Amino acid sequence: MAQPVIKSADRKVPLERIRNIGIIAHIDAGKTTTTERILYFTGKTYKIGEVHEGAATMDWMEQEQERGITIVSAATTTFWTPHFDTNLPKEAYRFNIIDTPGHVDFTAEVERSLRVLDGGITVLDASEGVQSQSETVWRQADKYHVPRLVFVNKMDKLGADFKATVADVVHKFGVTPAVMVLPMGAENNFHGVILLLERKALYWKDTAADTEPEVREIAPEYKEEVEKMRAQLVEAIAETDDHLLEKFFNDETITINELKTALRQAVIDYKLVPIYAGSSLKNTGVQPLLDAVVDYLPSPVDIKEIKGTHPKTGDEEVRQLIPDEAFSALAFKIQTDPHVGKLTYTRIYSGVLQSGSYVYNSTRKTKERIGRLLLMHANQREEIKEAQAGEIVAVVGLKNTKTGDTLCDEAKPIELEGITFAEPVIYLAIEPKTKSDQEKMGMALAKLSEEDPTFEIKSNPETGQTIIGGMGELHLEIIVDRLKREFKVNANVGKPQVAYRESISKLAEGEGKYIKQTGGRGQYGHVKIRIEPLERGAGYEFVNEITGGVVPREYIEPTNKGIKEALQRGFLAGFPMTDMKVSLFDGSYHEVDSSELAFKMAGSLAMRDAVAKAEMILLEPVMKVEVSTPEEFMGDVIGDLGSRRAQIQGTNHRGNVVIITALAPLAEMQGYVTILRSMTQGRASSVMLPSHYGIVPKNIVNQIIEERKK
């Protein structure tokens, strides 16, 4: 049975009973379905929303319901009272849940959600194992030190293999697992799980909702395996705690409470990852997972403190995650709501936030007024008067705050670590169909780019066209769709263009002299620079090696500015340049005629001179491609990938399905999903993730340069 709904009036719970969790996974692993079951079993919803019926609560956007995918991360608050035995108080625990997208094009949504979460549930497909996007989100969670549980979902699906998935977790994530359950059966015969620590068998009826598990004795055929797996689990937990390890070696009895307490600490310290199993679609295995969130994932109290810097002095600042501390919070998401305007999703780390009060944005150095505070449930709102440490709320009324900004008490300022986002890899030209569309389009694009940090808008200086950039074809398709539906803007869209970059392959020197005599005061700027290649992804680095004042200090930055502007224009095919170090080592100046403008021009000319000798190269985004195909089409798929300049990395067999991994240039992969479907009678699927920038072969560089000239 679902639990009774706890009204918001009763929502205040002690900090140790709050869990800020996110549900992260590969596309189609069943994240949103798992979230819907969590909402149902915690009493937040009365009816289970199904993704395949377009009725999932958390997928509230029209595009999400039509496509059956999550596009924006949705936040909700719900309560859970532990179901089975626990060594923590059997009270209501408050879960602030964020359901994140699985599709790589919406990676920013995952990135920003993980930045503010205390714990995560990684959902895996039992028949597919650890897929490429699962690895990506796992690494993102590693970056922000988010403790996780793993839920092996779809145990009822054809090809489900729990043990192979656990082996995959160990191999691909490089973690030590704490396998908490043994599934009973698989595929059509899957009917429940055995809790290893408690030695309890939980059977679920294969019916619709309200499926309370029936607790039974362990069937004889499972007893031996349960004891073997339980012994491995106890040993794994004992190894993380010296006191338990001593008891283990002395063959003393270790109680369940001792094991759970040690496991909780091991999860928070990233030493162990508990693994559960079930089938969200069949309502199986969700209650033990919810209990595990209470038992093993951290509360704000467990995390204790957050570190930042003082915005003026740069000294380290620390905030305890309690309401009695000075206020600090991180704005992690902006959303435009048709009813209330701009919503800023905020994680409060310390102190108390009240509606009507003023806060300080230490990132932008401005004061902001808190208009209203809202508790969000997907796109439904509930107004509250105040929120405190540990809560995730939406704020109405912030004018200048952007994603990743810190809000704090002006008397005790702090700047928290922001959020880093990937660069766009694909661009397309967009133009309004009518004059009235033109006025609306600029405003709509600005709002969308404020919401989505991986969405970029720029204009082509030669054609005057507006160019939009994003993480993939689907990302830009959704943006154009949202322009039409939400902002009523009709636009013509060009073909997707790949985000190429230019670089150099060897060290070279260049000289730039800008001398102009026009009667009266002239212009004089003269610099010498050295350029050298850096490793891929290093970006641009400027080094000032001037000694003895041959170029005065006030002209150093203008020179750098001139170089950077030249790099943006590129010299080979007009694409921005990257991955290079520029050292300014010599030059000269004129007492009267030198100016900032002259040195800016000299920097640009020196760059042009240097790159001509540095053997320029063109770089292109290379994608990691993962194709799951029935065995009979394997040869065709590999052959087709080969024709797209792909390098096959390996193949992996799971049942009669082959998973092919390859690295392929994005330029060759446009429209690939449609071609793959027709090649495999619609039975294969693929995922593409940005991998790195690689060098474009010379013959293709010439083609690209020719096309750019047209």
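Guide: The side chains of K247 and E258 are joined by a polar contact of 3.1 Å. A polar contact is a pair of N or O atoms within 3.5 Å; within protein, one must be able to donate a hydrogen and the other to accept it, and residues adjacent in sequence count only if both atoms are side-chain atoms. The model is predicted, so local features need pLDDT of at least 70 and side-chain atom pairs pLDDT 80 or more, while totals for chains, interfaces and linings use all residues. Residues are numbered from 1 along each chain as its sequence is written, and side-chain values use heavy atoms, with hydrogens and water left out.

Visitor: Where is K247 found?

Guide: K247 is part of helix α7. Helices (H or I, at least four residues) and strands (E, at least two) are DSSP runs, numbered from the N terminus.

Visitor: Is K247 buried or exposed?

Guide: Buried means under 20% relative accessible area, exposed over 50%, and partly exposed in between, using a 1.4 Å probe and protein chains only. K247 counts as buried because its relative accessible area is 14%.

Visitor: Which residues form a negative surface patch?

Guide: Asp and Glu count as negative, Lys and Arg as positive; His and the chain ends are not counted. A patch is made of residues with over 30% relative accessible area and no salt bridge; like charges are joined within 9 Å, and nonpolar side chains (Val, Leu, Ile, Met, Phe, Trp, Tyr) within 5 Å. Here D242, E246, D251 and E252 make up a negative patch. Take D251, in the loop between α7 (242-249) and α8 (256-268). D251 is exposed because its relative accessible area is 72%.

Visitor: How many salt bridges does the structure hold?

Guide: Side chains of opposite charge can pair when their charged atoms come close. The term salt bridge needs a side-chain nitrogen of Lys or Arg within 4 Å of a carboxyl oxygen of Asp or Glu. The structure holds 34 of these.

Visitor: With which residue does D142 form a salt bridge?

Guide: With R139; the closest N and O atoms of D142 and R139 are 3.6 Å apart. D142 is partly exposed because its relative accessible area is 32%. R139 is partly exposed as well, at 39%.

Visitor: What is the partner of E305 in a salt bridge?

Guide: K307, with 3.6 Å between the closest N and O atoms. E305 has 33% relative accessibility and so counts as partly exposed. K307 is partly exposed too, with a relative accessible area of 47%.

Visitor: What about E317: with which residue does it form a salt bridge?

Guide: E317 pairs with R319, and their closest N and O atoms are 3.2 Å apart. Both partners are buried: E317 has a relative accessible area of 18%, and R319 has 0%. Elsewhere, salt bridges that share partners join D125, K154 and K157 into one network.

Visitor: Next, the backbone. What is the phi of H145?

Guide: Most residues other than glycine have a negative phi. H145 is not a glycine, yet its phi is positive, about 55 degrees. H145 is found in the loop between α4 and β5 (148-153). At 52% relative accessibility, H145 counts as exposed. K488 is another case, also not a glycine and with a positive phi of about 55 degrees. K488 sits in the loop between α12 (473-486) and β28 (491-493), and it counts as exposed because its relative accessibility is 54%.

Visitor: Now for distance along the chain and in space. How many residues apart are A499 and L619 in sequence?

Guide: A499 and L619 are 120 residues apart in sequence, and 9.0 Å apart in space, C-alpha to C-alpha. A499 belongs to the loop between β29 (497-498) and β30 (501-504), and is buried, with a relative accessible area of 3%.

Visitor: What separates the C-alpha atoms of L272 and L149?

Guide: A distance of 9.1 Å, while along the chain L272 and L149 are 123 residues apart. L272 lies in the loop between α8 and β11 (273-277). With a relative accessible area of 2%, L272 is buried.

Visitor: Where is Y203 found?

Guide: Y203 is in strand β9 (residues 200-203), and counts as buried at 12% relative accessibility. The C-alpha atoms of Y203 and H191 are 5.9 Å apart, and the two residues are twelve residues apart along the chain.

Key
Accessible areas come from the Shrake-Rupley method with a 1.4 Å probe; for residues, only the protein chains shown count as cover. The place of a charge is taken as NZ of Lys, CZ of Arg, CG of Asp or CD of Glu.
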